[in-house]
Amino acid sequence: MPESSELRMVVCIKQVPKAEQLKIDPVKKTLVREGVESEINPSDLHALEMALQLKDKHGGSLLALSMGPPRFIQALETAIGMGADEGILLSDRALGGSDTLPTSHALSKAVEHLGDFDIIFCGEETTDSSTGHVGPGMAANLDLPQLTYVVEVEVRDGHVRAKRAVEDGFEVWETTLPLVITVNHGCNHPREPTLLGKIKARTIGIIDDVNADDVGLDKEKIGLSGSPTVVDKIETVELPDRSGRIYSGEAREAVTKLLDDLEAEGII
Amino acid sequence: MSRAKKSKGVMVFIEFRRDHIRRGSIQLIGEGRRIADILGVKLSGALLGHGVKKYAKEAIQYGLDKVHLVEHPILASYAASPYSKVMVELVEKYKPEIMLLAATKNGRELGGRFYVHLQTGLAADCTAFRVSKGKNLVMIRPAFGGKSLAHIMCKKTRPQMATARPNVFTEPERDPKRKGRIIKENVKLGPEDVDAKMVQFIAHMEDEATRLADADVIVAGGHGIRKADTFGTLQELADVLGGTVGGSRKVVDLRWLSKDRQVGQTGKTVRPNVYVAIGISGAVQHLAGMQESEKIVAINNDPEAEIFKIADFGIVGDLFEIVPEMIRQIKERRPAKEPT
Amino acid sequence: MDRFDVIVIGAGPAGSSAAYSLAKEGFSVLLIERGKFPGSKNVFGGRIYTYPLKRLFPEDWREAPIERYVVQENISMLSGDTAVTVQYDSLRTGSSRVNSFTAIRLKFDKWLAKRAGEVGAMVITGTRVDDLLVSNGTVFGVRAGGDEVKANVIIAADGVASIFAQKAGIRPELIPKEISVGVKETIKLTKKRIEDRFNVGEKEGVANAYIGQVTNFLRGGGFLYTNKDSVSLGVVVQSEDLSSHRTEIQELMERFKLHPSIQKYIEGGKVVEYSAHMIPELGTRMIPRPYANGFLAVGDAAGFVLSHGYTYRGVDLAILSGMAAAETVKAARAVNDYSAGSLSRYLHDLRSHGVLSELEEFGRTPSFLGNPRIYSAYPQLLCGILNRMYTVDGGKKEKMFHIAKEEMKGKISLMQLMKDLLGGTRSM
């Protein structure tokens, strides 16, 4: 494989609380965060897998980038365990409270600081904020083409051909390097971290951290002061009142009772 | 004078696809109309394309006061960069205080790109809007997989931008007599503005996506169905109920079901008359996509499963016994119901 | 990095203690855990004896995630709806000589592994070791997936069903005779309910053991430990007895929970965890040589477990054997010889850490406990005698000796009773 075909790639990842473990306190009506495990954002795993497949095919390098508190190192460790070469954590108190605008800005500055990349990957969205804004936002900041909800990608001589999933089918797009790709959830089977990968992730120097000054961020443009939106309040969802007629016991009888109910409702 | 004070009006991005305005956009015209009326301002549409004037007229009939029509060969089909460039120009020229897009995949990626150039706030996938006392837009969206609703505001900058979830807002009546202005906008676009091209479109075999969203009855399977084959039985139940089959993220991840059949936060939001959840534990992300169903029927062997908390009806037990029994008994009841 | 001084397989108490002791001495240590985190395969509460922990962490052993200090021990013999209980009040919490405490293993194991990580052991979770790398009878590394990692010594701490002790050829496959089957439940109550029902103070708890009816008079027993706001309840029975009597352990557990002496404690509680598992009862028939070329086995993997029906010990022996293994590896490094010959001093280190002496001391117990009368005749006998003694129904009161003699009729001879009592005393 000639040197020139090697790809320099970065994948932006985030550590998120496991959404299925989040519960609402039935009395206080607030979100129970205690004891909730965290995980790497699921669609970021698909982004990593897509990047790793390109790396397997073309060679090159893959850097995992995350922005957040030190515990986000877990996500970087997973990425390196899977096969990323190194990890960078952009961590700074000044970044706290950033909405998607400063987040895209900070990640873009970090990418510029870290070098030239052919492809910047993101997951389609995170499970904790589910905006899908950061990928396109980075493309805007870096003035790069963007392909979102991508399920397949091929690179040849600097040309990119990618399939994106849309509501009514798939679209095939062509563009050139460099670009930003956001990866559709569920499009591939993310590989498991390997033992040697995990050991590598723990080796000194593989995961590094940078702060706002390192990447040249203007403190006014990040964090709460740099965020145009504010969360005014969080309201607990009052689900529609359900009658909740739940049967159990012998299947035949239970089904009869259920169907009687459905019939009374005019459903069957 | 602050920028906020100069901005006025509500603008909706009119997204069309192939031969029609997308339903999400039409629904948003209705919601935009409501917001504009509360504020006492005009509702405009931004329509980008080539040879799309007919959509401008149609959009007005749904409730717009005016349409900014931007026609250019480069805009003939959607592409993020040129569309983003034009939207930035339009917003900077007309300074709407509110800019809304349907939260379709294209709507989300377009909004996610051009709000950065406008350096304003963007709330994603909103399911409700309110106007605050200070005449700010309260952009309400599900948070944490639908367990709570976040009220997001953007007080400092304009426009206040949001994408709105399709199939949440009611589609407005079309009034063929309604008149509005169509303002042709001139933009300079050249080859340098094209950074990516769509070269092929592969439609789903049948319009399954719409079918799931339109279905009156959805029979959905979760991890509890244990194997892909079980969908055969679920399909049979769907058939006798006159519905279609869907599933949770887990079964899609396991490739037991195609992605476009996925219900939930990363899949589709559905509101059928009846949603039958089979072997679905009820992870918040799933509930987010179906909790507004008219009636929810749950079948699960775990009495503690979250799904029962939002179910109207249900059976705790072995789905492998219950589902075939349901099919049998429904068939049994049918002839009796039909007049001879 | 594909080479370490030592690789430890399994981050339970034995593995983490070995890893901690070695990393603290400057060894490069890789500790590999199959579960998503240490303790994830071991969610239950149990009783842990304090003394090995004090040796491992003399300064700050109290930082361990202790649920409650055991201040009272009860042994109950159950028969029908009745129970005879021997109560032993041990030292109160303030005492530095507190003997044991209860802990949730999930938390305890996690904490222990974290301590190992803090002194430099590399703790890798979510990885299953598939095989040992062996060449010319010498173990020199592990394989996981497609990856191979080498080390001078591999320490197997992979628990009761240790496949690596088998793979290293130092342990035969377990035969049912040597295995007990156990079920455990964690039943959630409240802190206040625990303290009220068991009459204990804050941080204080009890450890109860039950024999007799609990196992339907089969060899084994039941136990109950108090945690902060829950109790750990379980039944352990000889697997051989279970199958010969066609008894289901789950059924025993359900009946145990309905026994009046248990019901009063767990009423209104909610079962939050449940599991069934195996316990090896090797006693001194533990692996005779828990070492091989480049290989050591620690804790349950080496059969360092004592199970008596009414007391179960494993965590303390696990910690001690982990410490002993660390001593052995240290000595082997000094002479740069990791052969079986060099590692054979592990037996000596086990002895000096008290592991072997404990196991040997109780050596006679398995045969005593193998005696089915302990689990059947005696509980029935005692309950019967006391029942008659304390039943006041207006009838004529008999002399205790007569009652005893009558109760014994057809159940046990006086000679047998004497023999068993003497034998029991000797081995306890």
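**Exercise 1. Work out how α4(B) crosses α5(B): is the crossing left-handed or right-handed?**

Step 1. The crossing of α4(B) and α5(B) is right-handed; that is, the near helix is turned clockwise from the far one, by less than a right angle. This is a predicted model, where local features need pLDDT of at least 70, side-chain atom pairs count only at pLDDT 80 or more, and totals for chains, interfaces and linings use all residues. Residues are numbered from 1 along each chain as written, chains are lettered from A in the order written, and side-chain values use heavy atoms, without hydrogens or water.

Step 2. Find the helices, which are DSSP runs (H or I, at least four residues) numbered from the N terminus. In chain B, α4 covers residues 80-94 and α5 covers residues 105-118; they pack at about 50 degrees with axes 9 Å apart. Axes here are lines fitted to C-alpha atoms over the stretch in contact, with angles from 0 to 180 degrees between N-to-C directions.

Step 3. Name the arrangement: α4(B) and α5(B) are therefore oblique to each other. Under 35 degrees would be roughly parallel, over 145 roughly antiparallel, 65 to 115 roughly perpendicular, and the rest is oblique.

Step 4. Pick out the touching residues (heavy atoms within 4.5 Å). Among them are Y83(B), M87(B) and V91(B) from α4(B), plus L110(B), R113(B) and F114(B) from α5(B).

**Exercise 2. Decide whether N106(B) is buried or exposed, and list what N106(B) is in contact with.**

Step 1. Check accessibility. N106(B) has 3% relative accessibility, so it counts as buried. The cut-offs are under 20% relative accessible area for buried, over 50% for exposed and partly exposed in between, with a 1.4 Å probe and protein chains only.

Step 2. Skip neighbours within four places in sequence, and N106(B) is in contact with R164(A), E15(B), R17(B) and Y78(B).

**Exercise 3. Describe how α1(C) packs on α9(C).**

Step 1. Get the geometry: the axes of α1(C), residues 13-24, and α9(C) come within 7 Å and cross at roughly 35 degrees.

Step 2. Look at the contact, which includes A14(C), A18(C) and L22(C) of α1(C) and I319(C), G322(C) and A326(C) of α9(C).

Definitions and conventions:
Helices (H or I, at least four residues) and strands (E, at least two) are DSSP runs, numbered from the N terminus.
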